[in-house]
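This briefing covers surface features, helix packing and charged pairs, in that order. Please consult the sequence and structure shown here alongside the points that follow.

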Amino acid sequence: MTLNRPTPPRWRKPSPLGFGVAVDAVSNVAAPLLAGFAVAAIGVVAADSDKFRWPGPVLLFLTLAALSFVTCVQFGFHARRHLYSYADITAWWTEEEVRDRHELLREEQHHDFALWEGWRRRTYAAYTSGMIMLWLGVSLVLAPPAPGDSLDTPFRWAAAAVAAGAAVVEAVWSAYPGIERRVRRRRLLRGGS
């Protein structure tokens, strides 16, 4: 008895299809913008460190955020080199060349797509860590500079708590897809649905 298995796709593609564009947007727009914000905030805190409760940790978190965002840009650049479609191949190769080298081009695209996935994962990890570090830095910036009875002290602590909560939400949000995949895989291995 033979199993009717579907044939694997000839060309690999991101799933969902817009994933490649999303990685480009994160590494080409969001990360550079946020890196610039982090560097500007570093300058403000370094210049007026006496106005912040914990300037040293603030500078550390903001520096880590800036570094992560710049790393995200670099990883995104390397990822983009390896993502292309069949339409890209036919734009660079003649019909005859594609026909003569079809299997070789397909194997090369599969290999490059695997490289793209690795760089994409690194890009996502760098962006996520940058966001977490940025929110932690912001939460420390928002803490009141000194203990006191100022009317805005409770509001500053509340704002600091919201920013710290955003760091936690970002960490959970970014870890969720991987955890969900592992749980689903274990269920399938156990025979569950």
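In this predicted model, Leu60, Leu64 and Leu67 make a nonpolar surface patch of about 270 Å². Leu64 belongs to helix α2, which spans residues 55-80, and is partly exposed because its relative accessibility is 33%.

**Helix packing**

- Helix α2 packs with helix α5 (residues 102-142) at an angle of about 160°, the two axes being 7 Å apart.
- The pair α2 and α5 is therefore roughly antiparallel, and its crossing is left-handed.
- Helix α1 (residues 19-47) crosses α2 at roughly 155°, and the axes come within 8 Å.
- The helices α1 and α2 are therefore roughly antiparallel, with a left-handed crossing.

**Salt bridges**

- There are five salt bridges in the structure.
- Arg10 and Glu103 pair through their side chains at 2.5 Å, N to O; Arg10 lies in the segment before α1 and Glu103 in helix α5, 93 residues apart.
- Both partners are partly exposed, Arg10 with a relative accessible area of 41% and Glu103 at 36% relative accessibility.
- A network of salt bridges links Arg10, Glu103 and Arg106.
- Arg12 forms a salt bridge with Glu117, with 3.2 Å between the closest N and O atoms; Arg12 is in the segment before α1 and Glu117 in helix α5, so this pair ties together parts 105 residues apart in sequence.
- Arg12 is partly exposed at a relative accessible area of 29%, and Glu117 is partly exposed at 23% relative accessibility.
- Asp48 and Lys51 meet in a salt bridge at 3.9 Å, N to O, and Asp48 is partly exposed with a relative accessible area of 31%.

Methods
Residues are numbered from 1 along each chain as its sequence is written. This is a predicted model: local features need pLDDT of at least 70, side-chain atom pairs count only at pLDDT 80 or more; totals for chains, interfaces and linings use all residues. Side-chain values use heavy atoms; hydrogens and water are left out. Patches are made of residues with over 30% relative accessible area and no salt bridge: like charges are joined within 9 Å, nonpolar side chains (Val, Leu, Ile, Met, Phe, Trp, Tyr) within 5 Å. Accessible areas come from the Shrake-Rupley method with a 1.4 Å probe; for residues, only the protein chains shown count as cover. A salt bridge is a side-chain nitrogen of Lys or Arg within 4 Å of a carboxyl oxygen of Asp or Glu. Helices (H or I, at least four residues) and strands (E, at least two) are DSSP runs, numbered from the N terminus. Buried means under 20% relative accessible area, exposed over 50%, partly exposed in between (1.4 Å probe, protein chains only). Axes are lines fitted to C-alpha atoms, for helices over the stretch in contact, and angles run from 0 to 180 degrees between N-to-C directions. Angles under 35 degrees count as roughly parallel, over 145 as roughly antiparallel, 65 to 115 as roughly perpendicular and the rest as oblique. A crossing is left-handed if the near helix is turned anticlockwise from the far one by less than a right angle, and right-handed if clockwise.
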